[in-house]
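Hi,

Here is the structure I promised to send over. Have a look at it first, and then read on for my notes.

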Amino acid sequence: MNLHPGLEKLRVAEGKFAGFDPIRRALHENEDWYQDLVEHSQDLLCIHDLEGRLLSVNPAPARLLGYSVEEILQIPMRELVAPEFRSQFDAYLEQIERVGEACGLLALMTRSGERRIWEYHNTLRREGMATPIVRGLAHDVTVQKFTEKLLREASELNRQIIASASEGVVVYDRDLRCLAWNTSMEKLTGFPPARRWASRIRN
């Protein structure tokens, strides 16, 4: 994992506590394994400070955004955020400093101008550190969110088609619960669009 020069100062403070932490000792003993895990993770694994400066990041998400690790470490995090959400970045930094964690969705811009949506859960670390750092973990959910948007739009379109149809249209689920009942169906049957109609059918 590539490190920002500033992170070396943090490691000095960490070293004082390494002997007392069996987990950290194990990680140091298996550094090659840990390094391999981080380097090949497709999720975003990063460390940043409370000024919004990236101190470390793994290669895969950097490449996805169109940068090398060395390049992305020189870019303030705020500049990676989609312009309309940059004003919320300071609120994020304030929250994680005050509460100790933050989670949600983040819209990032690639080098080419494409938007990527990341779901993140970040936590603050103070203990053993000369300066507090934020541990960042995020997963790219761009495709998932795009699919959900298409499904919502398709559902709304279907509702509009059913509502405007001149023929009577009724839609039931597998349990014969009424999901849709248009105005034409109401005129034909004299029944209003009510879910209770499903129980009438079964009876």
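Which side chain does D90 meet in a salt bridge? The partner is R78, with N and O 2.3 Å apart. Keep in mind that this is a predicted model. D90 sits in helix α7 (residues 89–99) and R78 in helix α6 (residues 77–80), so the pair ties together parts that are 12 residues apart in sequence. As for accessibility, D90 is partly exposed at 37%, and R78 is partly exposed too, at 29%.

That pair is one of six salt bridges in the structure. Another joins R53 and D49, at 3.3 Å from N to O. Here D49 is buried, with a relative accessibility of 11%, while R53 is partly exposed at 37%.

Then there is E114, which forms a salt bridge with R116, their closest N and O atoms lying 2.8 Å apart. E114 is partly exposed at 38% relative accessible area, whereas R116 is buried at 15%. D140 comes in here as well: E114, R116 and D140 are linked in a network of salt bridges.

Now for the strands. β2 (residues 44–48) and β3 (residues 54–57) pair in the antiparallel sense, over three bridges. Across that pairing, H48 stands opposite L54 in β3. The hairpin of β2 and β3 has five residues between the strands, and G52 in this hairpin takes a positive phi near 85°.

Cheers

Terms used. Residues are numbered from 1 along each chain as its sequence is written. This is a predicted model: local features need pLDDT of at least 70, side-chain atom pairs count only at pLDDT 80 or more; totals for chains, interfaces and linings use all residues. Side-chain values use heavy atoms; hydrogens and water are left out. Two strands pair if DSSP finds at least two bridges between them. Helices (H or I, at least four residues) and strands (E, at least two) are DSSP runs, numbered from the N terminus. A salt bridge is a side-chain nitrogen of Lys or Arg within 4 Å of a carboxyl oxygen of Asp or Glu. Buried means under 20% relative accessible area, exposed over 50%, partly exposed in between (1.4 Å probe, protein chains only).
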